[in-house]
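Subject: Structure for your files

Hello,

Here is the structure I said I would pass on. My notes on what turned up in it follow below.

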Amino acid sequence: MIDFQTDPSRYRHWKLSFDGPVATLTMDVDPYGGLMDGYELKLNSYDLGVDIELADAVQRLRFEHPEVKAVVLRSGKEGVFCAGANIRMLGRSSHGHKVNFCKFTNETRLSIEDASENSGQTYLAAISGTAAGGGYELAVTAEHIMLIDDRRSTVSLPELPLLAVLPGTGGLTRLTDKRRVRRDLADVFCTTEEGVRGKRAVEWRLVDEVVPPSAWEAKVTERALELAARSDRNGGRGIALTPLQRTISDDAVSYPFVQVAIDRTGRCASVTVRGPDELPGDLRGIHDAGASFWPLAMARELDDALLHLRLNEPAIGLIVFRTVGDPALVLAADGLLEQYQTDWLVREIRLLLKRVLKRTDMTARSIIALIEPGSCFAGTLAELVFAADRSVMFAGTKAGGPATLHLSALNFSAYPMGSGLSRLANRFYGEPSSLDAAAELIGETLDADTAEASGLITFAYDDTDWDDEVRLILEERASFSPDALTGLEANLRFVGPETMETRIFGRLTAWQNWIFQRPNAAGETGSLKRYGSGVRPDFNPERV
């Protein structure tokens with residue numbers, strides 16, 4: 001089982017140090033610390049285990065260290081910044097693992113960019129040595145890139161000439177969309193094994209500055225302090241991201257606020273989110289509650305559950321979201337997140353919820369939301385309804401009362417998708433009047449008829465039809481081709497404008513997914529199998 005939970009005391013590949021408002025995140029990969037057997041992580045190359053630690057470090061910097069305003073990414077090894085994804089690992093991995101590895105790595109790098117853009121915690125990459133492939137892609141997530149001008153240190157994206165694949169963690173898209181590298185120069189860069197260094201790297205916008213070795217350490221410190229001075233983080237005392245309370249059995253994963261029940265016959269996982277039992281009354285109470293504050297605790301648990309299903313349960317193709325609890329308390333939690341949104345901790349909680357919901361959008365599983373009596377799909381939890389491919393609501397009353405749906409202000413602004421649109425704006429794309437009408441329903445208790453008439457759900461069924469209709473929806477979904485469903489859902493979930501983020505996932509990862517399966521890369525005579533053997537790959541010359 002792949003476990004996404006770790007902490008700095010267990011890191012094998014990263015080191016964190018602190019100097020006032022600047023933290024240094026040093027990559028020093030243990031060659032013998034691979035997640036799986038059969039390869040060495042030489043030259044600061046990485047696998048999923050290295051990225052799991054990086055994701056944890058980025059998260060902890062945001063929550064546990066509000067005093068940190070700039071983060072320096074650098075290498076702990078002489079002569080190499082990072083050699084990228086480990087080739088032996090890629091050659092030995094299943095196709096599904098390679099794709100999920102690329103996806104998680106992208107999500108982690110987007111969280112770095114999110115920290116720079118929204119958290120006042122700006123990243124700086126200090127490249128001393130070779131930054132190749134995914135190593136350069138890691139550097140490009142930083143707001144500012146420095147390259148030592150020692151005639152040896154270079155940046156490169158050599159995947160195409162070396163491996164017959166693409167920079168699978170957003171490299172091409174960040175070159176053009178973020179770094180604004182000219183298309184023809186990017187073409188040269190991506191087909192040149194040895195990479196680019198010095199003045200040319202600056203001229204092509206591959207890095208922001210080159211620095212002579214004599215001034216290197218002083219200039220890195222100077223630049224980090226300049227970035228820190230721009231921050232709006234106000235210091236204060238951080239909160240500890242305590243270990244999740246989690247129990248895993250053959251067919252279930254249990255947390256205090258999230259329950260996952262797996263039906264292997266139906267290839268379905270029911271994910272039930274429980275609303276809060278109590279809430280603090282003010283901002284001090286939120287800080288005192290720390291990691292146990294319901295929105296934060298629930299977000300961390302749901303995130304871990306989604307990752308567990310993604311990597312450890314590949315045959316489970318359908319997620320059914322349910323909720324239980326008091327919708328009034330969920331709306332009260334939203335009220336706290338809205339009232340204190342300028343506080344650094346509340347801001348981080350809202351940003352984490354945004355990232356977890358994005359992870360839901362990017363989950364290659366069909367998603368059905370069932371709104372039943374006793375549920376609490378309200379405000380933030382209603383986002384799960386709007387993230388679903390279909391939503392079904394019970395019409396009528398059972399012992400637990402009627403099923404209800406509730407909107408809050410957070411549904412319209414706090415949790416944008418990768419496209420920049422809220423899920424409601426995504427739902428009502430091309431129907432501005434429907435979006436405006438939904439905004440008028442904030443704070444209202446919506447029954448099935450109102451929710452269906454307002455376009456907020458897909459279907460409403462009464463007690464007579466509920467069991468049969470829900471069963472048919474789930475059975476039909478499970479009968480379809482998983483590959484076709486992934487393509488269907490990835491196309492329908494994202495409408496409207498493209499962004500760097502949607503291009504990374506919607507285009508690059510899709511092409512990488514395809515290319516990873518082609519014989520030119522993955523075949524017995526392909527690049528991934530023959531890399532390092534001294535034998536050239538044998539390419540099928542037919543263009544597809």
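**Two loop residues**

Arg180 is exposed, with a relative accessible area of 53%. Please keep in mind throughout that this is a predicted model. Arg180 sits in the loop that links α6 (171-178) to α7 (183-190). Its phi is near 60 degrees, which is a positive value in a residue other than glycine.

Asn44 also has a phi near 60 degrees, again positive and again not in a glycine. Asn44 is found in the loop between β2 and β3 (45-46). Is Asn44 buried or exposed? Asn44 counts as buried, because its relative accessibility is 0% and the cut-off for buried is under 20%.

**The sheet**

There is an open sheet of 6 strands, with mixed pairing and the order β1-β2-β4-β7-β9-β11. The edges are taken by β1 (14-19) and β11 (209-211); each has a single partner strand, so one side of each has no neighbour in the sheet. From one strand to the next, the twist averages 25 degrees.

Within this sheet, β4 (residues 70-75) pairs with β7 (residues 122-127) in the parallel sense, over 4 bridges. Leu73 has Ala125 of β7 as its bridge partner, and Val72 stands opposite Leu124 in β7. Helix α9 (residues 216-229) packs on the sheet and touches β2 (22-27), β4, β7, β9 (144-148) and β11. The direction of α9 makes about 170 degrees with that of β7.

β7 and β9 also run parallel and are joined by 4 bridges. Ile127 has Leu147 as its bridge partner in β9.

How many of the residues of β7 are buried? The count is 6 of 6, so the strand is mostly covered. In a regular strand, side chains alternate between the two faces of the sheet. In β7, Thr122, Leu124 and Ala126 point one way, while Tyr123, Ala125 and Ile127 point the other way, and all are buried.

Thr24 belongs to strand β2. Thr24 is buried, at a relative accessible area of 18%. Setting aside neighbours within four places in sequence, Thr24 is in contact with Lys15, Leu16, Ser17, Val72 and Arg74.

In soluble globular proteins, nonpolar side chains tend to be buried together. In this model the largest nonpolar core has 82 residues, and those with the most contacts inside it are Val260, Leu302, Leu405 and Leu456. Helix α11 (residues 294-312) gives the largest share of this core, 9 residues. Apart from its neighbours within four places in sequence, Val260 is in contact with Asp251, Ala252, Val253, Ala269, Ser270, Val271, Ala305 and Leu309. A second, separate core has 66 residues, including Tyr11, Leu25, Val68 and Ala521.

**Helix pair**

The axes of α11 and α13 (residues 344-361) come within 10 Å and cross at roughly 25 degrees. The two helices are therefore roughly parallel, since angles under 35 degrees count as such. The crossing in which α11 passes α13 is left-handed. On the α11 side, the contact is made by Pro295, Leu296, Met298, Ala299, Arg300, Leu302, Asp303, Leu306, Leu307 and Arg310. On the α13 side, the residues are Ile349, Leu352, Leu353, Val356, Arg359 and Thr360.

Regards

Note on methods:
Residues are numbered from 1 along each chain as its sequence is written. This is a predicted model: local features need pLDDT of at least 70, side-chain atom pairs count only at pLDDT 80 or more; totals for chains, interfaces and linings use all residues. Side-chain values use heavy atoms; hydrogens and water are left out. Two strands pair if DSSP finds at least two bridges between them. Axes are lines fitted to C-alpha atoms, for helices over the stretch in contact, and angles run from 0 to 180 degrees between N-to-C directions. Contact means heavy atoms within 4.5 Å. A nonpolar core is a set of buried Ala, Val, Leu, Ile, Met, Phe, Trp, Tyr and Cys residues joined through side-chain atoms within 4.5 Å. Buried means under 20% relative accessible area, exposed over 50%, partly exposed in between (1.4 Å probe, protein chains only). Angles under 35 degrees count as roughly parallel, over 145 as roughly antiparallel, 65 to 115 as roughly perpendicular and the rest as oblique. A crossing is left-handed if the near helix is turned anticlockwise from the far one by less than a right angle, and right-handed if clockwise.
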